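Visitor: I've got the sequence and the model open side by side. Could you walk me through it?

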Amino acid sequence: MNHMEFLSQTVPADGHWPFVKMHGLENYFVILDRREVAKPFAVEDIIRICSTNVGAGGEQLLTIEQPSSEGRAAGAYATMRIFNVDGKEVGACGNATRCMAYLLLEETRTEEVIIETASGLLNCRRAGLRQISVTLGPISLNWQKLPTSREIDTLHLPLKSGPLSDGVALHIGNPHVVFFVDRLVHDDIPLFAPAIQNDPLFPEGVNVGVAEVLDADSIRLAVWERPGILTKACGTGACVAAYAALKRGFVSSTKVKVHLPAGELQIELIENDMVVMTGPVAFCCHGYIEGRLAA
């Protein structure tokens, strides 16, 4: 039985849900197949499932669902929904998309698959042994798209917190700010990033990236993610950091290596403000989650 065959089991009468846990550069996801289930999860379900104390433990809960009629017409094989540990749904996650794509490619036994998300259709394909490429974007610098509470110069963000200043605000299905520093110090990020994340300028909050430029085609990055987690990796954060570095003239190549605490992502900036992210996926475990609230 492969991972998708395990996930696709009928939920037994005792309400224990089969799950697979995966990670993309130590960004951990609990994944459930809900294509045959109509009832949505309650916020309490999501918080419990993501909990490392009483659940499977993950930074996000991902659900595989049937595509919409519009998505199906456009070639989508399935819909991915993404929920943070606080139960709130978000529109995009690059590492999650790679993991989901690998599962669906395993199920379809194909080289490419289209996944529908709240932020649009994502084209995904195999790029090597447990390596997945995802085309993301378009990346936007429009302040209304982010959104921000007032009009701002998104290429030179008018906010400062400690060493974080003159950032770039961008949208790639979710909101980001990228700050460039002379030297990336991870211990500083929890001290200064929350003030940016929770600033009234961002009514929906914002992911805060801190980047150090290494050379003309590589940067080092760490990301403080909504709702307040310093992650080992952030796929969309890597995409916008490479884009921001090119826009600000800090790199000269459209192919940028982004070094994250848990490993490296390859980012290629292509036409129409789109970006191709390539990186690894890995399996952790599978099992059953008690479905008392979800069944």
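This is a predicted model: local features need pLDDT of at least 70, side-chain atom pairs count only at pLDDT 80 or more; totals for chains, interfaces and linings use all residues.

Visitor: Which residue has its ring paired with that of Tyr 102, and what is the geometry of the pair?

Guide: A search of the whole structure turns up two aromatic pairs. In the one with Tyr 102, the partner is Phe 283, with ring centres 5.7 Å apart. The planes meet at 70°, and over 60 counts as edge-to-face. So the partner is Phe 283 and the geometry is edge-to-face.

Visitor: How many residues apart in sequence are the parts that this pair ties together?

Guide: Tyr 102 sits in helix H4, residues 94–108. Phe 283 belongs to strand S19, residues 282–290, and is buried because its relative accessibility is 19%, under the 20% cut-off. The pair therefore links parts whose separation in sequence is 181 residues.

Visitor: What about the pair formed by Phe 180 and Phe 250: what is the angle between the planes?

Guide: This pair is edge-to-face too, with 4.8 Å from centre to centre. Edge-to-face needs planes over 60 degrees apart, and here the angle is 65°.

Visitor: Where does Phe 250 lie, and is Phe 250 buried or partly exposed?

Guide: Phe 180 is in strand S12 (residues 175–180), while Phe 250 is in the loop between helix H6 (235–247) and strand S16 (255–260), so the pair ties together parts 70 residues apart in sequence. Phe 180 has 16% relative accessibility and so counts as buried.

Visitor: What share of the residues is buried?

Guide: The C-alpha trace spans about 55 × 35 × 35 Å along its principal axes. Of contacts between residues at least 6 apart in sequence, 63% join residues at least 24 apart. As for buried residues, they make up 54% of the 295.

Visitor: Which elements do the buried residues of helix H2 pack against?

Guide: Helix H2 covers residues 43–50, and its buried residues are Asp 45, Ile 46, Arg 48, Ile 49 and Cys 50. Those residues pack against strands S2 (27–33), S3 (60–65), S4 (78–84) and S19.

Visitor: Back to strand S19, then. What separates the C-alpha atoms of Tyr 288 and Leu 7?

Guide: Tyr 288 is in strand S19, and counts as partly exposed because its relative accessibility is 44%. Beyond neighbours within four places in sequence, its contacts include Phe 6, Trp 17 and Phe 19. Leu 7 is 281 residues away along the chain, yet the C-alpha separation is 9.5 Å.

Visitor: Last one: is Lys 160 buried or exposed?

Guide: Lys 160 is in strand S9, residues 160–161. Setting aside residues up to four places away in sequence, Lys 160 touches Ser 165 and Ile 196. Its relative accessible area is 61%, and over 50% is the cut-off, so Lys 160 is exposed.

How values were computed. Residues are numbered from 1 along each chain as its sequence is written. Side-chain values use heavy atoms; hydrogens and water are left out. Buried means under 20% relative accessible area, exposed over 50%, partly exposed in between (1.4 Å probe, protein chains only). Contact means heavy atoms within 4.5 Å. Rings of Phe, Tyr and Trp (its six-membered ring) pair if their centres lie within 6.5 Å; planes under 30 degrees apart count as stacked, over 60 as edge-to-face and the rest as tilted. Helices (H or I, at least four residues) and strands (E, at least two) are DSSP runs, numbered from the N terminus.
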